[in-house]
Amino acid sequence: MTELFDVTLLNSTIRMIAPILLAALGGLLCERVLVFNIILEGTMLIGAFTAVAVSYATGSSVLGVAGAALAGLLFSLLLGLFVVTLRGDAIVVGIALNMLASGITTFLLRSLFGVKGQFTSPNIQSLSTWDIPVIKDIPIVGEILSGHSWVVYLSWLLVIVVYIFLFRHRAGLHMRGVGQNDMAASTLGINVARIRYAAVAVCGLLVGIAGAQLSLGQVTLYVENMSSGRGWIALVAVMLGRAHPVGVLLASLLFGFSDALGYRLQGSSLPSQIAVIMPYVVTLIALFFQQSRKKQQV
């Protein structure tokens with residue numbers, strides 16, 4: 001048991017949290033303006049593929065992340081077009097866009113690189129890691145918190161930024177107002193459509209970066225459908241955290257730990273299938289308790 005729960009597991013947890021947390025923060029913003037964004041999975045996949053493609057072409061991981069963020073933004077604007085402007089059903093549109101993301105990345109993988117299933121190359125540059133001064137020299141703490149990619153640290157910083165924006169900034173107040181009563185916000189002169197487009201766009205940026213962390217931070221390659229349900233898990237984190245930055249962080253910690261534990265269990269004597277389904281079992285349990293709590297409140 002001590003070999004299973006050690007410092008390495010906690011270090012992996014911090015790394016595994018980042019893509020879920022970034023995607024959940026983006027989903028949080030959409031939830032606050034009443035846009036049910038279920039394309040987190042597809043957007044993350046687009047970001048992961050674009051990050052690898054741009055890094056391969058330019059030899060720069062930073063440009064890879066920038067390309068992933070831009071691709072995520074553009075893909076999310078499709079959701080804004082169909083849901084905010086054309087007033088389509090968010091679930092139907094979301095399912096269609098997720099299928100589009102899966103299909104187009106598979107097509108481009110074969111068209112651009114001539115491979116199936118997986119693409120890797122020495123030209124793909126991984127995200128650089130940072131050793132935090134002072135903290136890196138602290139026993140145990142340094143092993144857990146130091147030595148991660150800059151995207152990991154960015155995800156934690158953005159929790160604070162999103163909190164300040166939502167609860168201390170005028171634009172955040174407008175966003176919360178749109179979510180509470182869009183008709184009343186409109187009568188006060190707030191451009192509801194613009195606020196919703198802004199939330200969708202920022203969400204796309206964050207989820208695109210989450211995809212880059214998957215393909216350039218945790219590994220240095222692209223695998224078909226490598227998001228592996230993390231976008232859906234991020235959506236559950238938004239629901240479980242009640243669209244609050246701190247709540248989303250705590251939910252992401254839970255799911256990140258289960259993800260890291262699943263990878264660790266793959267090296268144990270347990271069947272590999274049990275290790276693979278670990279994050280999804282935790283997600284289902286979390287949803288069950290959330291629904292039970294809602295029924296008790298009613």
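This is a predicted model: local features need pLDDT of at least 70, side-chain atom pairs count only at pLDDT 80 or more; totals for chains, interfaces and linings use all residues.
The protein chain has 12 helices and four strands. Its radius of gyration is 19 Å, close to the 19 Å that the globule rule gives for 298 residues, so the chain is as compact as a globular protein of that length. Along the principal axes, the C-alpha atoms fill a box of roughly 60 × 50 × 40 Å. Of the 298 residues, 50% count as buried. Among contacts in the chain with a separation of 6 or more, 76% come from residues 24 or more positions apart. The accessible surface comes to about 14300 Å². Carbon and sulfur atoms hold 67% of that surface.

Helix α4 was examined in detail. The helix has 24 residues and covers residues 90–113. From its first C-alpha to its last, α4 reaches 33 Å. This is close to the 34 Å expected at 1.5 Å a residue. At the start of α4, a side-chain oxygen of D89 reaches to within 3.0 Å of the backbone nitrogen of I91. Just after the helix, G114 takes a positive phi of about 65 degrees. The buried residues of α4 are A90, V93, G94, L97, N98, A101, T105, T106, L109 and F113. An α-helix has 3.6 residues a turn, so residues three or four places apart point the same way. The cover over the buried residues of α4 includes helices α2 (40–58), α3 (61–85) and α10, together with strands β1 (118–119) and β4.

The structure holds three salt bridges. Side chains of opposite charge can pair when their charged atoms come close. E224 counts as partly exposed because its relative accessibility is 22%. R110 is likewise partly exposed, with a relative accessible area of 42%.

A second bridge joins R196 and D182, with an N to O distance of 3.2 Å. R196 lies in helix α9 (residues 192–218) and D182 in helix α8 (residues 182–187), so the pair ties together parts that are 14 residues apart in sequence. The two partners carry separate burial labels. R196 counts as buried at 13% relative accessibility. D182 is partly exposed, with a relative accessible area of 26%.

The remaining bridge is formed by R230 and D259, whose closest N and O atoms are 3.3 Å apart. This pair also links distant parts of the chain: R230 is in helix α10 and D259 in helix α11 (residues 245–265), 29 residues apart. Both R230 and D259 are buried.

Further residues were examined for their surroundings. T13 lies in helix α1 (residues 7–32). T13 is buried, because its relative accessible area is 6% and buried means under 20%. Leaving aside residues up to four places away in sequence, T13 touches L253, G256, F257 and A260.

M278 lies in helix α12 (residues 272–297). The C-alpha atoms of M278 and D259 are separated by 6.9 Å, and the two residues are 19 residues apart along the chain. With residues up to four places away in sequence not counted, M278 touches S258, L261, G262 and L265.

Y280 is also placed in helix α12. At 33% relative accessibility, Y280 counts as partly exposed. Beyond residues up to four places away in sequence, Y280 touches S228, G229 and I233. Y280 and R87 are 193 residues apart in sequence. In space, their C-alpha atoms are 32 Å apart.

How values were computed:
Residues are numbered from 1 along each chain as its sequence is written. Side-chain values use heavy atoms; hydrogens and water are left out. A salt bridge is a side-chain nitrogen of Lys or Arg within 4 Å of a carboxyl oxygen of Asp or Glu. Helices (H or I, at least four residues) and strands (E, at least two) are DSSP runs, numbered from the N terminus. Buried means under 20% relative accessible area, exposed over 50%, partly exposed in between (1.4 Å probe, protein chains only). Contact means heavy atoms within 4.5 Å. The expected span of a helix is 1.5 Å times one less than its number of residues. A polar contact is a pair of N or O atoms within 3.5 Å; within protein, one must be able to donate a hydrogen and the other to accept it, and residues adjacent in sequence count only if both atoms are side-chain atoms. The radius of gyration is taken over C-alpha atoms; the globule rule is 2.2 Å times the number of residues to the power 0.38. Accessible areas come from the Shrake-Rupley method with a 1.4 Å probe; for residues, only the protein chains shown count as cover.
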